[in-house]
Amino acid sequence: DQQVKQNSPSLSVQEGRISILNCDYTNSMFDYFLWYKKYPAEGPTFLISISSIKDKNEDGRFTVFLNKSAKHLSLHIVPSQPGDSAVYFCAARFGDQFYFGTGTSLTVIP
Amino acid sequence: NAGVTQTPKFQVLKTGQSMTLQCAQDMNHNSMYWYRQDPGMGLRLIYYSASEGTTDKGEVPNGYNVSRLNKREFSLRLESAAPSQTSVYFCASSEERRRDEQFFGPGTRLTVL
């Protein structure tokens, strides 16, 4: 039973445009939400997080939005760059436990 | 500063064999984690250790054991490997006050025949 879902397995975006990656969750007890980026044959790397008491967090080109009533979060990347091409994982924390989504493969086309 | 290191990088086992996956971090982190990544399943937490001397089960602990040998090292043991344990295994660590930001190792690709 997947508590964190990423329903889009892949996304293609033109360089310079906005990339929007989406994530849904089922457990209202999650207190932190995170995004990780993963290149092939490497471990995931942390991108950005948001506390459940906030609705937006911004770090450079990356912004995460949280809609608690809809149990939905999204990652916006503006502007998208070819180096952003990777798999993006959404994750959520409950206590010491972390639950990851299945990932969305982003391709930024030059 | 190597971050999180994992050994081995690749391993092939036969059903029933045992092995230990090693993980070490040099960032003085308190918390360490073991995940497995399977196609279509994302990363799933196997075990974690919030501090030296403590370990707890994650989402998918069956068939695994762990040891937090000291603050730096956290090993994952498969006592009797099964084909269902074919996966990529990632170790991660984090600071106590920034548990949202986990630092991952490069992974171990394990195949059980």
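**Figure 1. Lining of the largest pocket in the predicted model.** In this predicted model, the element that gives the most to the lining of the largest pocket is β11(B), with 4 residues. The space within the largest pocket amounts to about 410 Å³. A total of 22 residues line the largest pocket, and those closest to its centre are A:Lys38, B:Gln37, B:Val88, B:Phe90 and B:Arg109. Two or more lining residues come from each of β4 (31–38), β9 (87–94) and β11 (108–112) of chain B. By residue class, the lining of the largest pocket comprises 8 nonpolar, 9 polar and 5 charged residues.

Figure 2. On one side of the sequence, β4(B) and β5(B) run antiparallel and are joined by 7 bridges. Within this pairing, B:Gln37 has B:Leu43 of β5(B) as its bridge partner. The two strands β4(B) and β5(B) form a hairpin with 3 residues between them, and B:Gly40 in the turn adopts a positive phi of about 75 degrees. A further antiparallel pairing, of 2 bridges, joins β5(B) to strand β6 (residues 56–57) of chain B. Here B:Tyr47 has B:Lys57 of β6(B) as its bridge partner. The hairpin of β5(B) and β6(B) has 6 residues between the strands, and B:Gly53 in its turn has a positive phi of about 95 degrees.

**Figure 3. Aromatic pairs in chain A.** Over all chains, the count of aromatic pairs comes to 15. In the pair of A:Phe30 and A:Tyr99, the ring centres are 5.7 Å apart and the planes stand at 45 degrees, so the pair is tilted. A:Phe30 belongs to the loop between β3 (19–25) and β4 (32–38) of chain A, whereas A:Tyr99 belongs to strand β10 (residues 97–100) of chain A; the pair therefore ties together parts that are 69 residues apart in sequence. Both A:Phe30 and A:Tyr99 are buried. A:Tyr36 and A:Phe100 form another tilted pair, at 5.7 Å centre to centre and with 45 degrees between the planes. Because A:Tyr36 lies in strand β4 of chain A and A:Phe100 in strand β10 of chain A, this pair ties together parts that are 64 residues apart in sequence. A:Tyr36 has a relative accessibility of 1% and so counts as buried; A:Phe100 is buried as well, with a relative accessible area of 4%.

**Figure 4. An aromatic cluster with residues from chains A and B.** Ring pairs link nine residues named here into a cluster: A:Tyr36, A:Phe46, A:Phe98, A:Phe100, B:Tyr33, B:Tyr35, B:Tyr48, B:Phe90 and B:Phe104. B:Phe90 is also among the residues closest to the centre of the largest pocket.

**Figure 5. An open antiparallel sheet in chain A.** The sheet contains 5 strands in the order β1-β3-β8-β7-β6 (chain A), with antiparallel pairing. The edges are formed by β1 (4–5) and β6 (56–59) of chain A; each has a single partner strand, so one side of each is left without a neighbour in the sheet. Inside this order, β3(A) pairs with strand β8 (residues 72–77) of chain A over 6 bridges in the antiparallel sense. A:Asp24 has A:His72 of β8(A) as its bridge partner.

**Figure 6. A salt bridge between two loops of chain A.** The structure holds 7 salt bridges over all chains. One of them joins the side chains of A:Arg61 and A:Asp84 at 2.8 Å, N to O. A:Arg61 is situated in the loop between β6 and β7 (62–67) of chain A and A:Asp84 in the loop between β8 and β9 (86–94) of chain A, so the pair ties together parts that are 23 residues apart in sequence. A:Arg61 is partly exposed, with a relative accessible area of 22%, whereas A:Asp84 is buried at 2%.

**Figure 7. Salt bridges in chain B.** B:Arg98 forms a salt bridge with B:Asp100, with the closest N and O atoms 2.9 Å apart. B:Arg98 also forms a salt bridge with B:Glu101, for which the corresponding separation is 3.4 Å. B:Arg98 is partly exposed, with a relative accessible area of 30%. B:Asp100 is buried at 4%, while B:Glu101 is partly exposed at 21%. Elsewhere in the chain, a network of salt bridges links B:Arg36, B:Asp38 and B:Arg44.

Note on methods: Residues numbered from 1 in each chain as written. Chains lettered and ligands numbered in written order. Predicted model: local features only at pLDDT ≥ 70, side-chain atom pairs only at ≥ 80, totals over all residues. Heavy atoms only, no water. 1 Å grid on protein atoms, 1.4 Å probe; cavity = no way out; pocket = protein on both sides within 12 Å on 5 of 7 lines; lining within 4 Å. Points joined across faces, edges and corners; volume = space filled by probe spheres on them. Nonpolar A, V, L, I, M, F, W, Y, C, P; charged D, E, K, R; others polar. Phe/Tyr/Trp six-rings, centres within 6.5 Å; stacked < 30°, edge-to-face > 60°. Buried < 20%, exposed > 50% of the residue type's maximum accessible area, 1.4 Å probe, protein only. Pairing = 2+ DSSP bridges. Salt bridge = Lys/Arg side-chain N within 4 Å of Asp/Glu carboxyl O.
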